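Let's take a walk through this model together, one stop at a time. Keep the sequence and the 3D view open as you read.

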Amino acid sequence: MNKTVMRAGWSRGVTELRQSFTNGGDLFNHFFWPVLMLVVLFLMRDVSFGDGEFELGTLVLPGILGMNAAMAMVTMSQLLTADREDGTLLRAKATPHGTPAYLVGKIISVSVGVVVDLAIFLIPALFIIPGLRVGSSEAWLTLGWVLVLGLVATLPIGAVLGSLFSSTRSQGLLTLPIMAMIGISGIFYPVTSMPEWVQGLAQVFPVYWLGLGMRSALLPDSAVIVEIGDAWRHLETVGVLSVWAVVGLVLAPIVLRRMARRESGSTMAERREKALQRVG
Amino acid sequence: MTTHERVVLDVEGLRMRYGTTEVLKDVNLRVHHGEVVCLLGPNGAGKTTTLEILEGFRMRSAGRVEVLGTDPAHGGDDWRARVGVVLQSWRDHGRWRVRELLAHLGIYYAEYSTAQIRRPWDPDELLAAVGLTAQADKKVRMLSGGQRRRLDVAVGIVGRPELLFLDEPTAGLDPVARREFHDLVERLADEQDTTIVLTTHDLHEAQKLTNRIMILSGGRIIADGTAEELAERIVGEDEVRWSHDGQSYVRSVPESTKFAFELFRKHGESITDLEIRKTTLEDTYLSLVRQSTGEQETVPEDAAGAASADSEGGTVR
């Protein structure tokens with residue numbers, strides 16, 4: 001990749017990150033979900049699951065980590081649509097090497113943002129929830145590769161979704177299927193207690209596998225009994241997430257190029273006119 | 001201003017069709033290095049479409065287009081680095097600070113720096129040039145309309161382009177902001193030797209800023225020349241008003257001075273209230289556009305816009 005793309009992309013990513021953590025509205029977003037999840041965890045801390053061997057809170061904490069990582073997909077999608085609407089993408093197109101640098105910048109700012117969000121949640125959570133393998137370096141290593149692979153699987157798909165939606169308003173349509181996907185993914189309640197067809201469906205999406213990967217990292221080995229097939233299934237995790245990653249990485253450049261090709265001053269003005277009409 | 005022989009922009013037989021609507025029928029134009037030219041025309045005449053084709057943002061239906069020696073439909077990053085674009089309205093990067101944004105966008109142009117043209121423009125010098133030094137640390141979205149417009153120009157020229165496109169740069173500016181903007185464009189043309197192509201609705205602006213005016217109407221360039229040359233083409237239909245024996249007269253004549261002389265020679269001192277109004281650019285413009293639209297309908301603006309939205313692959317890169 002070109003040197004300018006890396007330099008400019010890095011500069012974009014760092015600037016956007018700084019903006020995101022020095023701005024009231026964004027800071028609220030960074031803290032809202034982690035704090036809400038901490039409250040959920042706090043309320044769950046004494047609820048036991050099944051025959052009382054595990055606290056539900058302990059099972060849920062790693063799942064929440066996985067879910068938050070998967071949400072990078074939604075963030076990416078929303079940012080892309082917003083940037084198309086306000087002309088940031090068109091500006092990138094009018095600049096030499098602008099579009100690839102824009103993408104590099106987005107990937108940096110979104111993924112570092114996610115890692116910070118995870119820390120905002122995880123660090124206080126460790127004080128609420130006992131029984132996690134926080135002392136083991138192997139646990140952190142697993143957490144690391146699951147997170148990286150998870151981002152590679154979800155960010156390109158997010159970019160594809162962002163290119164498909166033409167306005168920030170229509171982005172709202174995405175919320176419902178995402179909520180449904182999270183609901184069945186075994187994040188808040190072990191997937192093995194759900195009907196089998198739901199289990200099958202859950203295993204299609206990356207959220208389930210990110211949750212499973214995080215549980216395999218942080219939970220003691222004995223907790224494996226609540227999982228499908230009583231196994232952590234690392235191989236399958238890598239497999240499914242890789243398929244999502246490949247699909248995303250193949251589709252994203254095609255869809256993005258198609259979208260960028262259609263951008264021009266008049267298409268942007270037209271979109272704005274439509275948006276204003278809806279308001280008026 | 002030095003006008004060299006080098007052709008910067010060369011368009012021959014340019015056509016653009018959206019569905020069944022032909023917006024550009026046969027556009028021919030040529031711009032030389034260092035020129036400041038204006039594309040003038042009624043709403044929906046295809047000014048923005050023409051500009052977008054030249055900027056490489058839209059694929060044409062037919063014709064030959066060369067911008068800085070390259071077909072803009074296939075212009076790569078090297079070509080992009082030499083072209084500056086200021087669209088009608090930008091709202092991007094609202095969260096960035098003014099200086100921060102200019103410094104960032106400069107990064108992209110550093111690799112195109114040459115001995116003749118040092119790229120990019122230093123952000124502080126650039127801020128001074130467009131008169132935004134006091135706003136350097138302001139967030140972009142907090143700028144006023146005039147300041148935002150000047151920032152757009154700053155972004156357009158941060159890579160020291162050889163050719164700059166300005167699409168209705170002063171639309172919506174108050175008289176003071178407009179004047180400041182004119183000064184900026186004049187300085188760019190004089191000091192930076194930038195070739196500038198701009199569109200406008202403002203005839204005085206066209207006359208004031210540019211060496212050459214091209215009138216686009218009915219999908220064709222119907223007139224091309226300096227403001228004076230265009231006025232001559234309508235062969236001086238100056239308006240002469242006078243009173244004689246308590247009656248007023250109005251007459252449009254080609255040679256008004258001679259006509260007045262004849263008038264005095266015939267009637268002597270009994271001629272009163274003599275008034276001669278030279279053809280203005282506005283008269284010329286209106287009469288030219290009337291002539292051309294009398295022959296063919298102009299395309300209504302929204303028809304062109306709506307058609308562009310669903311024309312598959314109608315745009316480039």
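What follows goes from chain A to chain B and then to the charged pairs.

First, the ground rules: this is a predicted model, in which local features need pLDDT of at least 70 and side-chain atom pairs count only at pLDDT 80 or more, while totals for chains, interfaces and linings use all residues. Residues are numbered from 1 along each chain as its sequence is written, chains are lettered from A and ligands numbered from 1 in the order in which they are written, and side-chain values use heavy atoms, with hydrogens and water left out.

Look at residues 101-127 of chain A: the span is 100% helix and 0% strand, and its end C-alpha atoms lie 40 Å apart. Residues 238-256 of chain A are also 100% helix and 0% strand, with 26 Å between the end C-alpha atoms. Helices here are DSSP runs (H or I, at least four residues), as are strands (E, at least two), numbered from the N terminus.

Now find A:Leu43 in helix H2 (residues 24-44) of chain A. Is A:Leu43 buried or exposed? A:Leu43 counts as exposed because its relative accessible area is 64%; the cut-offs are under 20% for buried, over 50% for exposed and partly exposed in between (1.4 Å probe, protein chains only). A:Phe31 lies in helix H2 of chain A too, and its 39% relative accessibility makes it partly exposed.

Next, go to A:Met268, found in helix H13 (residues 265-279) of chain A. A:Met268 is buried, at 6% relative accessible area. What does A:Met268 touch? Leaving out residues up to four places away in sequence, the list is A:Arg84, A:Glu85, A:Asp86, A:Gly87, A:Leu90 and, from the other chain, B:Ser89; a contact here means heavy atoms within 4.5 Å.

Over to chain B, which has 11 helices and 12 strands. Its C-alpha atoms fill a box of roughly 75 × 50 × 40 Å along the principal axes, and 53% of its 317 residues are buried. The domain assignment of chain B gives domain 1 (7-82 + 162-231 + 282-310) and domain 2 (236-278), with bounds that come from an automatic or database assignment. The C-alpha centres of domain 1 and domain 2 of chain B lie 39 Å apart.

Finally, the charges. Side chains of opposite charge can pair when their charged atoms come close. A salt bridge here is a side-chain nitrogen of Lys or Arg within 4 Å of a carboxyl oxygen of Asp or Glu, and the count over all chains is 29. One of them joins the side chains of A:Arg91 and B:Asp152 (3.5 Å, N to O). That pair crosses between chains, from helix H5 (residues 88-93) of chain A to helix H5 (residues 145-157) of chain B. A:Arg91 is buried, at 3% relative accessible area, and B:Asp152 is buried at 1%.

Within chain B, B:Glu52 and B:Arg58 form a salt bridge with their closest N and O atoms 2.7 Å apart, and both residues are buried.
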